[in-house]
Protein chains: 2
Amino acid sequence: MKNKIQAVKGARDFYPEQMLLRNWLYANMRSAAQAFGYQEYDGPFLETLELYAAKSGDELVKEQSFVFNDRGGEKVTLRPELTPSLARMVAARQRQLPRPIRWWSFGPFWRYERPQKGRSREFFQWNVDLLGVESPAADAELAAVAVTFFQMVGLTASEIKLQFNDRRLMDEQLATLGLAANKTAVFRLIDRRGKLGATAWEQYAGEVGVTPEQLNGLKALLANADLWRQSEGCQAFVEAGQALGIGPFLEFDPTVIRGLDYYTGIVLEARDRESEFRAILGGGRYDDLVGDVGGDRLPGMGFAMGDVVIGLVAQKYQKVPPLRPSPTQVLVAQFDQISPAEALRLAAQLRAGGLRVEWYPETAKLDRQLKYADVNGIRFAALLGPDELAQGCVTIKDLAARTQTTYARAAVVDALRQGLESQM
Amino acid sequence: MKNKIQAVKGARDFYPEQMLLRNWLYANMRSAAQAFGYQEYDGPFLETLELYAAKSGDELVKEQSFVFNDRGGEKVTLRPELTPSLARMVAARQRQLPRPIRWWSFGPFWRYERPQKGRSREFFQWNVDLLGVESPAADAELAAVAVTFFQMVGLTASEIKLQFNDRRLMDEQLATLGLAANKTAVFRLIDRRGKLGATAWEQYAGEVGVTPEQLNGLKALLANADLWRQSEGCQAFVEAGQALGIGPFLEFDPTVIRGLDYYTGIVLEARDRESEFRAILGGGRYDDLVGDVGGDRLPGMGFAMGDVVIGLVAQKYQKVPPLRPSPTQVLVAQFDQISPAEALRLAAQLRAGGLRVEWYPETAKLDRQLKYADVNGIRFAALLGPDELAQGCVTIKDLAARTQTTYARAAVVDALRQGLESQM
């Protein structure tokens, strides 16, 4: 056996079936973002490491980023996330861009992590951001875009929850516990809560300088589901969320803190209610990031959703509709008694009539050609044999209705279009 | 002034205006591919260098590829082209995939070249391929997919030419000149014809071992516009192209050879007839590539079109229609006398009615809010002031017609939908 060249570990092949799922997600993401007036954009795939070093957090920068020197010796990074690129792009045109800035994007990202269920090294991510506004209602709008997407793919509040917390509220609470000084480390500790066992987590707490007494306070804090009621910002966020109709999805969770260093206010995380999967999306308010990459201060709020986990969740809850890879409406068969040029001319005629037409590109028994149409879900076959050619007509087989009719050549486009419409 | 973090050289920022152009190209590429029954797929972005080393050619592999070691020490390459990934994917499922395989893709690629007009280090590329068929008619179908795209964006045969040649024909001719032994080097020499000056090109010919006598023969060969008539394959290709209606675009050119080593038959290249730009697309038949990456031999034919040159060509010939970044149909204004929650509730009501609705996310003078709608091409503004709120109604401003009408809250969705339809 010959040696087949292998794919890179954690990279993904999108055969037409997988591509259909990705495109189905993308189309729903577009619809949800556009329902709120967001404009599509994209950043580059290569950025400088400096861009992430600013505020993305050590794990992402030092452990998970793909960093290398290009042929000119410049150190470049395959983007692990989009928000820093967004901040850089906004900072570069800060005076010209009309505000508010409502932008969304869908594209590939790379993180060097151990591939496992719900996680690959190459993944696609949906990013939605609102810049130039600093209010609980703006935060709630982002939550509503996410929920609108869930609803568009058919996921309900009994299947999905959108958890929120507020880093400002946590800042105050940590200060009360005397933990203000090593806030970044304690946020990381909170972020690891669900990822480590109880013993390992408490040991980690000790390592980052949390005393046993502070640890008790911290545990009480993280168990307080009513904490949000102490925050006017959280109350306004919930009120705005209810006005937007997403109340049933919202759930306060003080353990949700997110791993990125640049968040400054509300943070968001979506999960399936059975907690079978990793987080479906993460996001939050980042009011200093545009300033940190060299722009003037500009508040921002956004979230990102990878394609892998949401794909698994949509499949588990059977939300993915039947998707057919072939776009073909009509297969033009090839008879061995007539030249390919005649079949191609017929195919071109049907295409000029607006139909999506595939030509069977070799002579084969008609049965085999019709079976190919059947396997690919192609509704009609157009037969141009010697008799049809001599008489200036075409026979159309309807493979679903199992009927067949012969039409004059000039009438065949209309006949097929009517057949396709009646099918809908 | 603060130091703004810069983008990587040759990388591209897609602000919403640039994204519209990319999406316009992508949509037309999809339409053209689907008109012929092609199914969308995608390869990974990272591949092994080995995959390209097989047959992509020295320039691409040794000079232009982005190659690096990942954190696990594996040597990976940012894909510089898609055909080797396609061949690998097909080889991996060769027994299961129904044939013929008609696939298309659109995504990012990377080549380390000097950025200049029409060339960036990150670019998007449309790939279209037909595998499992070896015939001039199959070659002509690929040419027709490309021409259908040109026609869909409005480009005509007086603006664009699709040049073809056949490597088998050239093989025979080179053998006649006694140049069969160093064919690969001579193909590269032919490929450089338009890229080097006459003197430099002749010097290069000497360096690759072409004698002065052979050079004269080669020059005569490359000037012979009727050479294709000696080839039955080329004749059948032209006949099939004419049956598909693309005759006016086709032009034989013996200097077209393409730079990739894996081509084995017909090669294609599209250019603007004024030759202002680099090639718009390149492609050809590759009957050994699937075998070369470890599969069984499977013939294939395809082409690739970058987004940069076609974008410049479409702009030069004024084919790009007016494109509006904002998808918003209705702007919900924010009055300072009412709470954001009331405005958000109205926005949610309009969205539930299927409208794309943006909320102005802060209190500002109504004039400024309406100006924002105007700048973004938003047709309608929905005003919910204290009077409207008290009376259960909404005032709709039609910014194009400069009219304004007040509707009962329950009637406002229908009124807006009718207004939008009458606009179309």
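These legends walk through several close-up views of a predicted model.

Residues are numbered from 1 along each chain as its sequence is written, while chains are lettered from A and ligands numbered from 1 in the order in which they are written. In this predicted model, local features need pLDDT of at least 70, side-chain atom pairs count only at pLDDT 80 or more, and totals for chains, interfaces and linings use all residues; side-chain values use heavy atoms, with hydrogens and water left out.

**View 1. A:E40, a buried residue without a salt bridge.** Look for A:E40 in strand β1 of chain A, residues 39-40. Strands here are DSSP runs of E with at least two residues, helices are runs of H or I with at least four, and both are numbered from the N terminus. A:E40 is buried, meaning under 20% relative accessible area, with exposed being over 50% and partly exposed in between (1.4 Å probe, protein chains only). The nearest side chain of opposite charge is A:R30, 4.4 Å away. Lys and Arg count as positive and Asp and Glu as negative, leaving out His and the chain ends. A salt bridge needs a side-chain nitrogen of Lys or Arg within 4 Å of a carboxyl oxygen of Asp or Glu.

View 2. The side chain of A:E40 makes a polar contact of 2.7 Å with that of A:Y26, and another of 2.8 Å with the side chain of B:N23. A polar contact is a pair of N or O atoms within 3.5 Å; within protein, one must be able to donate a hydrogen and the other to accept it, and residues adjacent in sequence count only if both atoms are side-chain atoms. Contact means heavy atoms within 4.5 Å.

**View 3. Helix α10 of chain B.** This helix has twelve residues (232-243) and reaches 17 Å from its first C-alpha to its last, close to the 16 Å expected at 1.5 Å a residue. That expected span is 1.5 Å times one less than the number of residues. At the start of α10(B), a side-chain oxygen of B:S231 comes within 3.3 Å of the backbone nitrogen of B:G233. Just after the helix, B:G245 has a positive phi of about 80°. Among the buried residues of α10(B) are B:F237 and B:V238. The cover over its buried residues includes α13 (340-352) of chain A, along with α5 (136-152) and β9 (266-272) of chain B.

View 4. A:P100 sits in the loop between α4 (83-92) and β5 (101-110) of chain A.

**View 5. Positive phi at B:S275 and B:R402.** B:S275 is not a glycine, yet its phi is positive at about 50°. Find B:S275 in the loop between β9 and β10 (281-285) of chain B; it counts as partly exposed because its relative accessibility is 45%. B:R402 has a positive phi near 55° and belongs to the loop between β15 (393-398) and β16 (403-408) of chain B. B:R402 counts as exposed because its relative accessibility is 77%.
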